[in-house]
Amino acid sequence: MSDLLLSEDRDRVRTLTLNRPDQLNAFSQALYVALDEALREADADPEVAVVLLTGSGRAFSAGTDLVEMKETAAGADDGAAHGFIGLVDSLAAFSKPLVVAVNGLGLGIGVTLLGFADLVLASTAARFKTPFTTLGVAPEAASSFLFPRLIGRQNAAWMLMSGEWFSAEEAHEMGLVWRVTSPEELLATAWDHAATLAARPISSLVAVKETMTASLRPGIEAARELENAKFAELLGGPANIEALVAFAEGREPDFTRLPPGV
């Protein structure tokens with residue numbers, strides 16, 4: 001396993017740890033590919049019953065690496081979306097229980113991947129943000145479909161449209177998070193729940209998950225297709241460029257100076 005993604009097996013639970021702590025575990029293309037491949041391998045491994053996903057350091061994941069996003073917006077890497085799409089493909093297809101332990105900051109894909117989790121536990125230090133409108137882009141990872149069903153339409157609208165921060169407690173109240181623990185207890189608590197599931201028959205776990213998710217698959221596919229089209233349409237547009245330039249300059253973006261309707 002790459003140093004970008006740590007892997008440990010114990011009692012049929014495979015723990016995967018995002019490991020770019022100095023970059024707040026932001027997803028480079030290499031990390032997207034590493035997690036995509038790791039999920040596919042775990043799904044195919046008959047010795048793995050449950051995957052537990054967490055992050056190293058003070059962040060779960062700060063989302064997509066904005067340096068790479070700026071290069072993509074400028075046309076420097078036409079294949080940059082491949083890693084992201086592959087990861088979401090794997091999340092959508094993952095047949096076994098996926099438990100996520102959110103240890104700290106979660107932004108962008110660090111939040112939207114929770115729509116594919118079966119159990120989400122969060123530290124009291126966790127905070128959540130989906131910065132799509134503050135980056136001038138569209139939602140991702142079928143969050144426009146999954147989040148209204150997971151946390152309610154109005155909570156989803158505020159989360160996806162406002163770009164505001166949510167605390168672990170607020171995320172718990174909405175239903176995005178199942179349990180909140182102290183930072184010191186998070187990983188042990190999450191692992192205990194994962195191990196409880198892992199003691200059950202894998203075939204039964206897979207059957208339960210399939211019956212719960214099968215009816216959602218057409219909606220997920222339709223949402224992803226529309227989201228990807230809208231994201232591609234907005235990436236590199238005036239609002240996105242203003243957001244990325246503002247990020248590089250260390251200031252807040254000013255969207256009020258953009259042309260009408262943008």
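Two residues are in contact here when they have heavy atoms within 4.5 Å of each other. Keep that in mind for the tour. What you have open is a predicted model, where local features need pLDDT of at least 70 and side-chain atom pairs count only at pLDDT 80 or more, while totals for chains, interfaces and linings use all residues. Residues are numbered from 1 along each chain as its sequence is written, and side-chain values use heavy atoms, with hydrogens and water left out.

**Stop 1: Leu176**

Select Leu176. You'll find it in the loop between α7 (168-174) and β10. Those labels come from DSSP runs, numbered from the N terminus: helices are H or I with at least four residues, and strands are E with at least two. Is Leu176 buried or exposed? It is buried, because its relative accessible area is 3%; buried means under 20% relative accessible area, exposed means over 50%, and partly exposed is in between, using a 1.4 Å probe and protein chains only.

Now show what surrounds Leu176. Not counting residues up to four places away in sequence, Leu176 touches Val111, Leu114, Val120, Phe128, Phe147, Leu150, Ile151, Met159 and Ala171. For a sense of scale, pick Ala62 too: it sits 114 residues from Leu176 along the chain, and their C-alpha atoms are separated by 17 Å.

**Stop 2: strand β7**

One of those contacts, Val120, takes you to the next selection, residues 119-123, which make up strand β7. How many of the residues of β7 are buried? Five of its five, so to speak a mostly covered strand.

Next, look at the partners of β7. Two strands pair if DSSP finds at least two bridges between them. Strand β5 (residues 98-102) is paired with β7 in the parallel sense over four bridges, and strand β10 (residues 179-181) runs parallel to β7 with three bridges joining them.

**Stop 3: an open sheet**

Select β4, β6, β8 and β9. Together they form an open sheet of four strands in the order β4-β6-β8-β9, with mixed pairing. At the edges stand β4 and β9 (166-167), each with a single partner strand, so one side of each has no neighbour in the sheet. Zoom in on β4 and strand β6 (residues 105-107), which pair in the parallel sense over two bridges. Here Ser61 stands opposite Gly106 in β6.

**Stop 4: Ser56**

Ser56 is in the loop between β3 (50-55) and β4 (59-61). Ser56 counts as buried because its relative accessibility is 15%. Leaving aside neighbours within four places in sequence, Ser56 is in contact with Thr17, Leu18, Asn19, Arg20, Pro21, Asn25 and Asn103.

**Stop 5: the aromatic rings**

Now for some rings. A pair of aromatic rings is described by the distance of the centres and the angle of the planes. Rings of Phe, Tyr and Trp (its six-membered ring) pair if their centres lie within 6.5 Å; planes under 30 degrees apart are stacked, over 60 edge-to-face, and the rest tilted. How many aromatic pairs does a search of the whole structure find? Two. The rings of Phe27 and Tyr32 have centres 4.7 Å apart and planes at 25°, so this pair is stacked. Tyr32 and Phe84 make an edge-to-face pair, at 5.8 Å centre to centre with 85° between the planes. Tyr32 lies in helix α1 (residues 29-44) and Phe84 in helix α3 (residues 81-93), so this pair ties together parts 52 residues apart in sequence. Select Phe27, Tyr32 and Phe84 together and you have a cluster linked by ring pairs.

**Stop 6: helix α10**

Finish with helix α10 (residues 217-234). The expected span of a helix is 1.5 Å times one less than its number of residues. With 18 residues, α10 should span 26 Å, and its end C-alpha atoms are 26 Å apart, which agrees. Colour its buried residues: Gly219, Ile220, Ala223, Arg224, Glu227 and Phe231. On the face turned away from that buried side, look for the exposed Pro218, Glu225, Leu226, Ala232 and Glu233. After α10 comes Gly236, with a positive phi near 85°.
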